[in-house]
Amino acid sequence: MADNKKNIEDVSRAPVSQRGPAMERVAEGEGGIGAQVAVNIDGRDAKVPMGTTILDAAKKLGIRIPTLCHHPDLCVAGVCRVCVVEVENQRTLQAACAYPITQPTKVKTHTRKVRQARRHVVDLLLSQHYGDCYACTRNNNCELQSLAKEYGVDFFRFGHPTEARYEKDLSSHSVLRDMNKCVLCRRCVRTCIDLQEVGVLEAVGRSCETKIATFLDKPLAEVVCINCGQCINRCPTGALRANDPTDEVWAAIDDPKKHVVIQTAPAPRAAIGECFGLEPGHALTFEMNTALRMCGFDKVFDTNFTADLTILEEGTELILRLYKALVQKDRSVALPQFTSCSPGWVKYIEHFYPEYLPNVSSAKSPQQMFGAIIKTYYAQMHKIDPKDIVTVALMPCSAKKFECNRPEMMDSGYKDVDYGLTTRELAKMISEAGIDLPTIPKSDFDDPFGSATGSGVIFGASGGVMEAALRTVIELVVGIKVEDLYAHADIIPMRGFDGVKYAEINIPKVGPVPELLKKLVPSWDWLKGATLKVGVAHGTANAKRVMEDIKAGGKLSECHFIEFMGCPGGCLGGGGQPIPTSPEIRAARAKAIYDEDAHYEIRKSHENPVVAKIYKEFLTEGPCGHLSHKLLHTHYTPRGKYIV
Amino acid sequence: MLVTERERLRDDIQAMADRMGRKRDALIPILQEVQTKHQQISDYAMQVVADLLDIHPVEVYSVVSFYSFLDNKPKGRFVVRLCRTISCDMAGKEAVARQLMNDLGVCFGESTKDGKFTLDWANCIGMCDQGPALLVNEQVHTKVTPEGVHEILEACRKTFGVYAQEKKEERA
Amino acid sequence: MTAKITFATIEAGAGLKAALGKGRADIIGELSASGIKGRGGAGFPVGVKWNLCAAARGESKYVVCNADEGEPGTFKDRVILMEHADLVFEGMTIGGYATGAREGIVYLRGEYAYMRAHLEAVLAKRREKKLLGKNAAGKQGFEFDIRIQMGSGAYVCGEETALIESLEGHRGEPRNRPPFPVDTGYMGRPTVVNNVETLAWVACIMAKGAGWFKSVGTEKSTGLKLFSVSGDCKNPGVYEFPMGITISKLMQEVGGEGAKAVQVGGASGHCVPAADFGRTIAFEDISTGGSIIVFGKGRDMLAVARNFLDFFVEESCGQCTPCREGNHKLLEGVTMLAEGRCSMAYLKELMSLGETMQLASKCGLGQSSSNAFLSIVKNFKDEIMGRATQGSLTHRRQGADHG
């Protein structure tokens, strides 16, 4: 499977030591790369490709070697020394995660020396790890805790801190840091610098003064953090966690005066089962609806509704940009248009490419559109004072917490979305309510924002927004069924985990302009014979690649529309999703999402009847009309990367 | 910092980067030059360096924090580093250390209020056969006695007068 | 004092001239035949290293001179660089020719910044004489030049992969090995990293032949070696002795008779008590990069251990757990010993931790940082245990006895 990992290895700026073992040199005549080499681990034989690490070879043999700093998404570090093993003819123990097998090798994974060393490493880590397991968000999901258990730690051999050494950093709306729990595995560093290329966290200082810090030890809220939360997903302990508003949400639920509405995004439903012991890839959409009602939410809506709305708003915006640029020859129009659904990406571009902000669609993200619709249209419809409505958003995302707290997101006159919950936090609420999610009955979303389309669902996977947009554009513009171009309306080139995806769609003929858009464009003739060029990038490292290509006037600068997602894999790999994460887990979640899409009766955003209704009843000027602009569109802040 | 000062610093660093190459491997030589020239690698300087080399400011900060001779806090014009490693220790560095503190009125790790001196430790400076030894900036002094401390510092102070004058001329 | 050393007797340019007259394989063969091992402390056979680098594929290759002499008690490279820099540069040039490298880099420790002007001047003169640059030393098609890059105060950069990281503009954090620098070194290219002294000896071997070099020393440790002698002896300084010299002989030569112990190999070496002075200094017995620190009768060995651990707690790079936290724990242990509140059980635990550090640390620094502690505890148990100070249980009991 081609995950984004491949791309990162190609272009990573990580120091060589932090990359995987490079195996270029093979003794002549031995068959070169791809040659097999014999390995014997704990008396068992196997053949592995040249350069395979001991850890991977052991995995192949079904032998477990404990790890801590190793992560399947990240390059090799070899710093924690938990995975040390004995290699024949080597004086010292070797880190299994970093040791490439290049000649016949004999390995022992649990000799006295190995056991003693591992135990000492765990003891040493515990001697610096402040905090109690039972008062930690990662209780029972902590790799240090598991190691302590595995190595039979029943007392603190080298002591245990009795007081905190660092102040917690609670400044961010999204990511909280408690460095007292940090074990210096540097997964967050490798995530932030290599995987995401945001560059907020690095090791600072030397020796036992080493700590993971931001530039000048500034609070997270003051640096270039994009709130993607990928560091949280890869932190083995509770040192990094999301800013958890569950207490406030419970308080709102418990307040009889409050009407508490929750919208649920597509990605959490594909992953929440993992928090309840299910294998990745089991969607629990309808069980979750039941659970949310049992928890006491007054209404359970589907964010997919506003995903469909986003397609119409953002799609219309694109058409308008193209019309201005191609027909009216307006050279000031910024193209390609960039998607704006991912708040991590939005903050990324605000910091790193502020000069390209005019390219970002002014359409709000589905979460924020929903908030604004609930506190206006829905409030009017149900005659509820919007001040009594509390809108909660279940998101796979930590950046959504920052997004809903953006000062400009108050277009309804109130805070459009009051609280953003992550998948993990909702799982905790459900557990707290004594509900065993996988076993409860299913139930549907509430009307009127329950009916959604398959297009909304696939917003959860990288390429989904683009696929949804194309399904609609093809039908509205070309006037033919998507199915005529792509079997089952599955636009396969947009799917999968390639870091950057690109496609060209020819528009050989054009249909009539639909009623909804007639006010904006008189005809589609100007698009006849045109080629629509689109791109997709997920993870900000890939986004950076695309932006640099655009800056350099490369192929992607000729695109008309580019989907950007801040997180690897898109929302299904979001910073609010269950821990752990890996390429396999994300692939399973993606499969769950596309399966769900396939089962929808309506799979195109413009066919969503509620969307049609809202343009008829409420947003009467149509997409990108006056009220749309007020409620569903926003503006951005050029932040730049200099912070002092 | 005034904008003009920032601009000057930026131009200065840009010239260094152009001379040494805008590549990551030029990072430490650039930082060393900034450190020598400005007695510190300021917060702004770190960001400029990061910008020019296309790396993240936190990576520059990380490197600066790793090496003993790089610092983002201002250092004195004269950095006095007394070797504290075993041979110098056995040769009587403790008395020299105390006299340094007495004469400068600061503890190790601190700078004098006038910004002239910073007192610091060094780990083995390779003068083990002639200890106690210390470095004043790049200059090495061996077989230092508590009495000799005064002389070394006085010599610095005298040089400082020249430096001060140079500075004045620069401004004029 | 600095006794007359062989380097002073070698005719300038003789080694380089001899080398350029040979084939590349012959140079490496000569080095292998001489049996010379790295003089920085680790003792890797130079011929093998150069051969691997010469055989490695790479668009460009590098010869790096490790002048990050930071091991406590070592200063021989300082003397070599100040007095025989030409010989070192000659060695590097030979290395460039033998391995196919075009660029040589001297990584000079920040503490030696005062040498830079001198070294640059020597290099300039060599360029003037066309010993560097295109068709270097008159060899058609051979291009080689040397530049100096400064360290910035980090002992760990003496470890070759940390040194390379530092050259590349990173924190001096050692890399995972394998791959080794001869394969994947500076900028990911095949790189030979050799100590200052090693390179100087290479030039000597080229000038005088493998047989000459091998004629002294032991079978496994051939040749002469420079020693940096300091501490409680009459004549500290740089000495040249054949490998395999006994410690007692060495003590006689430097005026260190009556010493209680000798630290061989600096902070990361071993503390040898007087009873073991019959042992030899050689790769097969007690190996050293050249640091000899003499401890006289009155020295407190626990204070010595503390000084070394203070050093490592300061100089560990901090990336791997055993070294980062381990040294810190050992230092705490020394404090406990000094205050008379370390139980035998805990001391044993610390010794086993020391073993773990030797086995499980990522690089040579961590792997050797507990050596001094372990050897001092092993050899001077009676001296370091059972101490009483204010606040210890011993003191409380005494108080009770008097009351």
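Reply: This is a predicted model. Start with helix 11 of chain C: twelve of its 15 residues are buried, so the helix is largely enclosed by the rest of the structure.

Me: Which residues of helix 11 of chain C are buried?
Reply: They are Met301(C), Val304(C), Ala305(C), Arg306(C), Asn307(C), Phe308(C), Leu309(C), Asp310(C), Phe311(C), Phe312(C), Val313(C) and Glu315(C).

Me: What covers the buried residues of helix 11 of chain C?
Reply: The cover comes from two chains: it includes helix 5 (86-90) of chain B, and, from chain C, strand 8, strand 11, helix 12, helix 15 (371-379) and helix 16 (381-384).

Me: How far does helix 11 of chain C reach from its first C-alpha to its last?
Reply: The 15 residues reach 21 Å, close to the 21 Å expected at 1.5 Å a residue.

Me: Next, the domains. What does the domain assignment of chain C give?
Reply: The assignment gives domain 1 (6-214), domain 2 (224-295) and domain 3 (301-384). The centres of domain 2 and domain 3 of chain C, taken over C-alpha atoms, are separated by 22 Å. Contact between these two domains involves nine residues of domain 2 of chain C and 13 residues of domain 3 of chain C.

Me: Which elements give two or more residues to the side of domain 2 of chain C that touches domain 3 of chain C?
Reply: Those are strand 8 (261-264) and strand 9 (270-273) of chain C. Strand 9 of chain C has the largest share of that side, with three residues. By class, that side of domain 2 of chain C has five nonpolar, four polar and no charged residues.

Me: How many bridges join strand 5 of chain C to strand 6 of chain C?
Reply: Six bridges join strand 5 (residues 224-231) to strand 6 of chain C, and the two strands run antiparallel. To see one partner pair, take Leu224(C): its bridge partner in strand 6 of chain C is Pro242(C).

Me: Now the contacts between chains. How is the size of an interface often given?
Reply: It is often given as the accessible area lost when the parts come together. Here I use residues in contact instead. For chain C and chain A, 38 residues of chain C are in contact with 33 residues of chain A. Helix 7 (160-167), helix 11 (301-315), helix 12 (321-338) and helix 13 (344-360) of chain C give two or more residues each to the side of chain C that touches chain A. The largest share of that side, seven residues, comes from helix 12 of chain C. The side of chain C that touches chain A has ten nonpolar, 14 polar and 14 charged residues.

Me: How many residues do chain A and chain B give to their contact?
Reply: Chain A gives 14 residues and chain B gives eleven. Strand 7 (residues 202-204) of chain A gives the most to the side of chain A that touches chain B, with three residues. That side of chain A has nine nonpolar, three polar and two charged residues.

Me: How many helices and strands does chain B have?
Reply: Chain B has seven helices and four strands, in the pattern α-α-α-α-β-α-α-β-β-β-α along the sequence. Its domain assignment gives domain 1 (3-66) and domain 2 (78-171), with centres separated by 27 Å. Of the 172 residues in chain B, 45% are buried.

Me: Last, a single residue. Is Cys188(A) buried or exposed?
Reply: Cys188(A), in helix 5 (residues 187-195) of chain A, is buried because 28 other C-beta atoms lie within 10 Å. Beyond its neighbours within four places in sequence, Cys188(A) is in contact with Leu201(A), Ile212(A), Cys231(A), Arg234(A), Cys235(A) and Leu240(A).

Terms used: Residues are numbered from 1 along each chain as its sequence is written. Chains are lettered from A and ligands numbered from 1 in the order in which they are written. This is a predicted model: local features need pLDDT of at least 70, side-chain atom pairs count only at pLDDT 80 or more; totals for chains, interfaces and linings use all residues. Domain bounds come from an automatic or database domain assignment. Two residues are in contact if their C-beta atoms, placed from the backbone, lie within 7 Å. Ala, Val, Leu, Ile, Met, Phe, Trp, Tyr, Cys and Pro count as nonpolar, Asp, Glu, Lys and Arg as charged, and the others, Gly among them, as polar. Two strands pair if DSSP finds at least two bridges between them. A residue is buried if 20 or more other C-beta atoms lie within 10 Å of its own, exposed if 12 or fewer, and partly exposed in between; C-beta atoms are placed from the backbone. The expected span of a helix is 1.5 Å times one less than its number of residues.
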